[in-house]
Amino acid sequence: LRSFQMAESIKVVCRCRPLNENEKSKADGYCVSFPGDGSNLVRLEKDKTFAFDHVFQPKAQQADIYNTVAKPIVADVLNGYNGTIFAYGQTASGKTFTMEGVLGEPMLQGIIPRIVHDIFNHIYNMDENLEFHIKVSYFEIYLDKIRDLLDVSKNNLSVHEDKDRVPYVKGATERFVSTPDEVFDVIDEGKAN
C-alpha cells in the first residue's frame, strides 16, 4: 500500500460496497472482479482493468476504509491544512453507505460520523483554556448546482475564496455546534430536505 500521509496529494480510491439485502434476495452478483488479493486493480468485464491508489473490496470494514483514507486527512486538517473527501458514483453505488453508513452503529458508521468523533475527541483533549467555534453547513452538489439542505430556498449557490484563499460556499446556512450529537442533528435536518 502506498502511504496516504502526504497532505498535498490527491488520492483516488475505489470502494466496492457489499451487496444490499435486495440484491442478495435476487441472487445478484458483482459486476467487477479484483485481480489478486490486496491489489489496487478493479476489472470490469474481461478486458477492462482500472488502477487506483487503493481498492476496497466488498468485505472491507467501514473502520478500515476510514483509517486508510480519511483519518490521515483529518489529522492534516487538525494541523491546519485544508482537506476534502468526496464520494462520486452512480445511484446505488454506495456513496451514502461509505460516507454516512449507519448512524449510531459503531461497526457500520461511515466516514462522516468517524470524522466528527475524531474532531471532537481532539478538541476534548486540548487545553481547556482554548475556545473553539465549530460551524456546520450541509449542502449537495448535483448537476453542477449547489443546494443548501438546511434552507431549501437557497439553491444555485456559488463557491468563493476568502482573503486567505480558503474556499467556502457563499450564502450557505451555517449552524454552530458544540457536540457530535448536534452535528448529527444538523445532518438529520439536511437529509429531510
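1. This protein has five helices and eleven strands. Both kinds of element are DSSP runs numbered from the N terminus, with at least four residues (H or I) for a helix and at least two (E) for a strand. Bear in mind that you're looking at a predicted model, where local features need pLDDT of at least 70 and side-chain atom pairs count only at pLDDT 80 or more, while totals for chains, interfaces and linings use all residues. Residues are numbered from 1 along each chain as its sequence is written, and side-chain values use heavy atoms, leaving out hydrogens and water.

2. For the overall dimensions, the C-alpha trace spans about 55 × 40 × 35 Å along its principal axes. Of the 193 residues, 30% count as buried. Buried means under 20% relative accessible area, exposed means over 50%, and partly exposed is in between (1.4 Å probe, protein chains only).

3. Now look inside. In soluble globular proteins, nonpolar side chains tend to be buried together. Here the largest nonpolar core has 13 residues, and F120, V177 and V183 touch the most other members. Helix α4 (111-124), strand β6 (134-136) and helix α5 each supply at least two residues of this core, with α5 giving the most, four residues. A nonpolar core is a set of buried Ala, Val, Leu, Ile, Met, Phe, Trp, Tyr and Cys residues joined through side-chain atoms within 4.5 Å.

4. Helix α5 (residues 180-191) is also where you'll find D188. D188 is partly exposed, at 40% relative accessible area.

5. K24 counts as partly exposed because its relative accessibility is 49%. K24 and D47 are 23 residues apart along the chain, and their C-alpha atoms are separated by 26 Å.

6. M107 sits in the loop between α3 (95-99) and α4. With a relative accessible area of 60%, M107 is exposed.

7. Finally, check two backbone angles. Most residues other than glycine have a negative phi. D144, however, is not a glycine and has a positive phi of about 65°. D144 lies in the loop between β7 (139-142) and β8 (145-148), and it is exposed, with a relative accessible area of 74%. R165 also has a positive phi, near 65°, without being a glycine. R165 is found in the loop between β9 (155-161) and β10 (167-170), and its 61% relative accessibility makes it exposed.
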